[in-house]
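Hi,

Here is the structure I promised to pass on.

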Amino acid sequence: MTQGEVYIRADQTGLSYDGRSLSLRDVSFSMQRGEFVSIVGPSGCGKSTLLRLVAGLRSPSSGTLTVDGRVPGDSGTRTSFVFQEPNLLPWRTVRGNVGLPLELERQAATASAEVDSKITQAIRLVGLNEGDDGKRPRQLSGGMRMRVSLARALVIEPEILLLDEPFAALDDILRQQLNEELQRIWHQRRWTGLFVTHNVAEAVFLSQRVLVMSRSPGTLLADVPVPFDFPREPSLRASSEFAKLVGEVSTQLRQAAEGAA
Ligand SMILES: Nc1ncnc2c1ncn2[C@@H]1O[C@H](COP(=O)(O)OP(=O)(O)O)[C@@H](O)[C@H]1O
Ligand SMILES: [Mg+2]
């Protein structure tokens, strides 16, 4: 960590789902507001668990985890999740899906014109155009569905965005395009981002730091700074500095996967 105010802090955080085995062990890290950090690690090492703790969906069994100095569930922080599955409601249009979180927040007090404008903004932000507004999910490609899922996460103007392997099911070119879009949106909106992925190049391209977790019970093995300036151009991926860092993180990840359980 460098200077600046700590926003998310995990201090020796541990979690056991069943009260016996540990899913997360002594995880300590901190993030500043507006930072974008990726987490890589072998399957089952506790990456999704860590996101749940930050979202306040679970409480640590040991140690502490705070957002803005408070327990996440109590902090009132606007937090959104994006998963690999877009989980769109098939009978709703793009607008209807994107607007869902506002309905759930019961923004009855909010004028409907304002709700409409928030929905439009979120849809345009992810690169969908007016012609897509009335489409149903089955009329959309996989990449467009993911854009709708992103728009639905962004419509509440989250302070924290948690992304759990969002692009894992997409082909590589699409993944790269969505990485570029996500980076642009983050640069514009500056939510605090935690991004879980198995793809090291994606983690390095998007993030200011990459956290490497060991296999179960997961703990942090490395916290690797990514020095490239923003906005990052697609051509960065072809540079030797980029390849070198991807290689270094991949080596750490391989050690994490091979390490003693
Ligand atoms: N709801 C749950 N109940 C019990 N065990 C769980 C639950 N969710 C995850 N686990 C266990 O916790 C460990 C970490 O899981 P998870 O956070 O999903 O890992 P990852 O996202 O890195 O693949 C795994 O051993 C998994 O089986
Ligand atoms: Mg997971």
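A word on the model: it is predicted, so local features need pLDDT of at least 70 and side-chain atom pairs count only at pLDDT 80 or more, while totals for chains, interfaces and linings use all residues. Residues are numbered from 1 along each chain as its sequence is written, and chains are lettered from A and ligands numbered from 1 in the order in which they are written.

Helices (DSSP runs of H or I, at least four residues) and strands (E, at least two) are numbered from the N terminus.

Buried in α7 are R175, L178, N179, L182, I185 and W186 (buried: 20 or more other C-beta atoms, placed from the backbone, within 10 Å of the residue's own; exposed: 12 or fewer; partly exposed: in between). They cover an arc of only 135 degrees around the axis (taken from the directions from the axis to the C-beta atoms), so they sit on the same side of α7. I173, H187 and Q188, on the other side of α7, are exposed. The buried residues of α7 pack against several elements, including β3 (36-40) and α8 (200-206).

V200 is in helix α8 and is buried, with 21 other C-beta atoms within 10 Å. Beyond its neighbours within four places in sequence, V200 is in contact (C-beta atoms, placed from the backbone, within 7 Å) with V40, V246, V249, S250 and L253.

Best wishes

Note on methods:
Two residues are in contact if their C-beta atoms, placed from the backbone, lie within 7 Å.
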